[in-house]
Every structure is written in structure tokens, then in C-alpha cells.
Amino acid sequence: MEAALAEELREIAQHSTTMKVHNEVPGGVHASGELTDAYRMNLHSRIASRVLMRMAAGGYKNENDIYDLTLAQPWEEWFSYDHTIRVDLTAVKSPLKSLEFTTLKIKDAICDRFLDQYKKRPSVDTKEPDMRIFGFVDAHQFIVYLDTSGEALFKRGWRTETGDAPLRENLAAGLLRVAGWKPGMPLFDPMCGSGTILCEAAQMVQGVPPGARRRFAFEKFHDFETQVWQDMKAAIKPNPLPAEPTIFGSDISGDMVAMARHNLRSAGILFEVPLKQIEAQQVQAPTAQPGILLTNPPYGERIGVRGDSTMPQDELANSFYAELSSTLKQRFAGWTVYLFTADLGVPKLLRLKESRKTPFFNGALECRLFRFDMVAGFNRREAAKPKE
């Protein structure tokens, strides 16, 4: 999602005179600016997982070099020994023997810095720390960051109920951006589950920033500028509510539809998002104007909610996708269909040729966002084919 994040950050930077967006790197984007720009990114970024502030970077030969570089940083300028901390370390092609031992060395360096100055040290809290410190090592370099976000940014503060395998909110936002969806365009998720894609899209329509309902680690920094932060939040101008619905959802499970409805309310959505309980193979286009159908098809169990339990799993999936394919061809002419799935064989099951596939990772799971252009006249061509 690096390219999508860079694009989003450039939009956020338009509202700042000091923020600059630099290069994309694997798993992230470099940006620079004032600390208040970190407030802005945390408040407005739908795609970032965290906004990390780089404290230092340097070459290393062993764990002692990492300890020394960490010890040299002025941690006391940012937080106090009364705050709890947690240290996480990521490595790519690092020659270090033990990441656990190296993580301990980073934690010791921070604690020793406070002990040297105050004879007191921060405690470790791995569950809900006040401050998170992130280390990154590759083959030659060590970088240490202080996290400005706190809880991961995909935790928007509204989700109380989820299905079995909910999409993370920032992944849903990334999919919407890569799909080219913009507020005002019709959007339909026919397998909406707990409604993550719908909630993200609806907040965008309403102009609700993703960070409007949660707290951040930077609020505990020593030099936190309360007034600047309050002014930034006060400057949010919600969009006028749409007169006609443009976002629609459905799911085979009534429980999921109820959950999606609840989540939309929790996310502060004040306009109607029509939801239906119906099998994906039975749906109709919700608007006369073609739009974007974006969904994360279920697999296995959820496909079989109303399926024939005597039918083997593969046959069930085959018949599901065959029926879904017919529905898309016959009822969604002119629509652009995006399916996000870890099953790389979905186009074959649909008997459709994708016009684009974008690789994504959902956690450690490699996935694809497949795009299918449902050309008007598809169904006429299908009907004209000789019957087998």
C-alpha cells in the first residue's frame, strides 16, 4: 500500500506549510515536518498503520553498538520515567543472533539513560504502554523510532463487533483508494461481513477523519501542544450529508447485517447506508448508474452458511463462484468489480479474465485485488454462445 499511502500523505501535506513527503520504502513512506504534522497525519491518514518519529540511525557491528546509539538519545525530552514503555524490533537480513536479546539491549539503554539522570527508570508494559519504541535493523544499519500513534492507527475507536476474519480498517481504506473509488460514486459490497469497507467509505463521504474518535501517544509527550491539537480537530468541517444513498451492502448472514448496521452507527454515520440480507449470487445492482463493486469474498465456512453441508468444500466454492459470475455478467453491466482474496484462483473459478491484479498482504497472507470490467453486452454475448 506504499503508493496509496504516499498519495494520501501528499493530500494531507497540502494543508501544511511544513510537511513534505519523500520516498516510498518497503512497508512505508518517508515524510518530514514539524511535530504538529505528525498530529495531522495521525488524525487524517486512513492508510498508515503508525506514524513513527526517527530518533537516530547508524551503522552497527553488534548489540553493543545498538545499545550505545539508543543510550545517546534524549528520551527524557519526550517522556518521563513515570511513563510505561514497550520495545519492538524488526529485522531484515540482520546478522544478529538473537532479536530478543537485541530488543532487551534497546530497552536497557532507555532505562539506563533515565537511571543515570534521575535514579529512576520507566516500567515495561507490553499490553498498553504509554510509549512505544520501534527498532529496525537490516544487514548494516540500525534505526530507532519513537511512535507518535500509540495503538495501531487501524484501531479507529468505533469497532465493537467483528466477524470471524474482519479486514483491518486501514486495509479497507487502501483497497478503496487503489480501486479508484471517490465519495459520490456508487459503491456496493455484496459480502459486507461486519461492514469495514462500508464504514470507511461512509466516513469519507461524511468527512469524518479516521482519528477523530481516539487518543494518541503524542498527547503524552512533554511538549504536547494541546491548543494546536484542539484547533486542528475544531477545523474539521463535515461534508453535507448525501440526499440519496450511494453506498450499499448486503450479506448472506442476518447476524452480519445487524453487526454492520451497529458498526456504521458506532462510526458516527448519520446518513442511510441500505443493507440487505441476501446471498451474493442473488443480488441486483443497487443503482441504475454503474459504480464500483468492492468485496472481500468469504471462503469455506461463510460460503456454506446456507449451502448444502453434504457438498464437499471445493464443489461448494465452484458452484458459488459459477453463480456469482452469472450474476455479475447479467446484472452489473458497466460496473467495475474488485474482489480482494487470498485465493489466487478466483478468476478461473469465475471464468472471467481480470483486467488488473494488485498484490497486497493481509497480515502475513499474500492476497490479490482482482479487477474485472463488466462490459455492457456481456450477458448478450453469453446468451448467444451455443449451449454445451
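Start by selecting lysine 220, which counts as partly exposed because its relative accessibility is 40%. You are looking at a predicted model, so keep that in mind as we go.

Lysine 220 sits in the loop between helix 6 and helix 7, and aspartate 130 in the loop between helix 4 (99-118) and strand 5 (131-137), so the bridge ties together parts 90 residues apart in sequence. Aspartate 130, at 17% relative accessibility, is buried.

Next, select arginine 156 and glutamate 200, whose side chains form a salt bridge at 2.9 Å, N to O. The arginine lies in the loop between strand 6 (141-147) and helix 5 (169-178) and the glutamate in helix 6, so this pair joins parts 44 residues apart in sequence. Both partners are buried: arginine 156 at 1% relative accessibility, glutamate 200 at 0%.

Staying with the loop between strand 6 and helix 5, pick arginine 159, then glutamate 169 in helix 5, 10 residues apart. For a network, select Glu7, Glu11 and Arg177, joined by salt bridges that share partners.

Move on to helix 2, residues 35-44, where 8 of the 10 residues are buried. Those buried residues pack against helix 1 (2-13), strand 2 (28-32) and helix 7.

Finish at the surface with Glu34, Glu77, Asp223 and Glu225, a patch of negative charge.

Note on methods:
Residues numbered from 1 in each chain as written. Predicted model: local features only at pLDDT ≥ 70, side-chain atom pairs only at ≥ 80, totals over all residues. Heavy atoms only, no water. Patch = residues over 30% accessible without salt bridge, like charges linked within 9 Å, V, L, I, M, F, W, Y side chains within 5 Å. Areas by Shrake-Rupley, 256 points an atom, 1.4 Å probe, with all protein chains shown as cover. Salt bridge = Lys/Arg side-chain N within 4 Å of Asp/Glu carboxyl O. Lys, Arg positive; Asp, Glu negative; His and termini not counted. Charge placed at Lys NZ, Arg CZ, Asp CG, Glu CD. Buried < 20%, exposed > 50% of the residue type's maximum accessible area, 1.4 Å probe, protein only. Helix = DSSP H or I, 4+ residues; strand = E, 2+ residues; numbered from the N terminus. Contact = heavy atoms within 4.5 Å.
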